[in-house]
Amino acid sequence: QLALRTENWREALELAGKTGPRAQLAFAAARQEADAEQATKLEQEAVRADVGFSPAALSLAQRLRKAGHPKRAQALLMESYAKSPHPEVAAALLEN
């Protein structure tokens with residue numbers, strides 16, 4: 001509870017266990033992370049926890065595109081859209 005109230009998302013993620021809202025907490029922790037590599041790892045964790053969580057899928061896809069992996073980004077977006085259709089994911093799919 002304290003980690004949530006203080007918005008310490010990384011600690012909240014560690015305390016959440018396997019049944020907690022891992023995708024949302026990992027994504028929130030990624031948003032706070034200053035190190036791009038660590039932020040990418042946290043976004044990957046969020047997507048592994050719930051590929052249909054569109055904010056994480058969109059953010060990770062954008063990182064993948066910037067890193068020169070457009071096919072991986074496209075595949076991620078297609079998987080995310082298949083699990084949980086979202087207009088922003090559809091728009092990102094149409095960009096390429």
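User: Is S59 buried or exposed?

Analyst: With a relative accessibility of 18%, S59 counts as buried, where buried means under 20% relative accessible area, exposed over 50% and partly exposed in between (1.4 Å probe, protein chains only). This is a predicted model, in which local features need pLDDT of at least 70 and side-chain atom pairs count only at pLDDT 80 or more, while totals for chains, interfaces and linings use all residues. Residues are numbered from 1 along each chain as its sequence is written, and side-chain values use heavy atoms, leaving out hydrogens and water.

User: Where is the place of S59, and which residues does S59 touch?

Analyst: S59 lies in helix α5, helices being DSSP runs (H or I, at least four residues; strands are E, at least two) numbered from the N terminus. Leaving aside residues up to four places away in sequence, S59 touches F27 and E43, contact meaning heavy atoms within 4.5 Å.

User: Which residues of α5 are buried, and what covers them?

Analyst: An α-helix has 3.6 residues a turn, so residues three or four places apart point the same way. In α5, the buried residues are S54, A56, A57, L58, S59, L60, A61 and L64, and their cover includes α3 (22-32), α4 (36-49), α6 and α7.

User: At what angle do α4 and α5 pack?

Analyst: Two packed helices are described by the angle between their axes and the distance between the axes. Here α4 and α5 pack at about 135°, with axes 9 Å apart, which makes α4 oblique to α5; angles under 35 degrees count as roughly parallel, over 145 as roughly antiparallel, 65 to 115 as roughly perpendicular and the rest as oblique. The axes are lines fitted to C-alpha atoms, for helices over the stretch in contact, and angles run from 0 to 180 degrees between N-to-C directions.

User: Which residues make the contact of α4 with α5?

Analyst: From α4 come A36, A39, T40, E43, Q44, A46 and V47, and from α5 come A56, A57, S59, L60 and R63.

User: How do the axes of α6 and α7 cross?

Analyst: The axes of α6 (residues 70-83) and α7 (residues 87-94) come within 10 Å and cross at roughly 150°, which makes α6 roughly antiparallel to α7. Their contact is made by Q74, L77, M78, S80 and Y81 of α6, together with V89, A90, A92 and L93 of α7.

User: Is K18 buried or exposed?

Analyst: K18, which sits in the loop between α2 (9-16) and α3, is exposed, with a relative accessible area of 84%.
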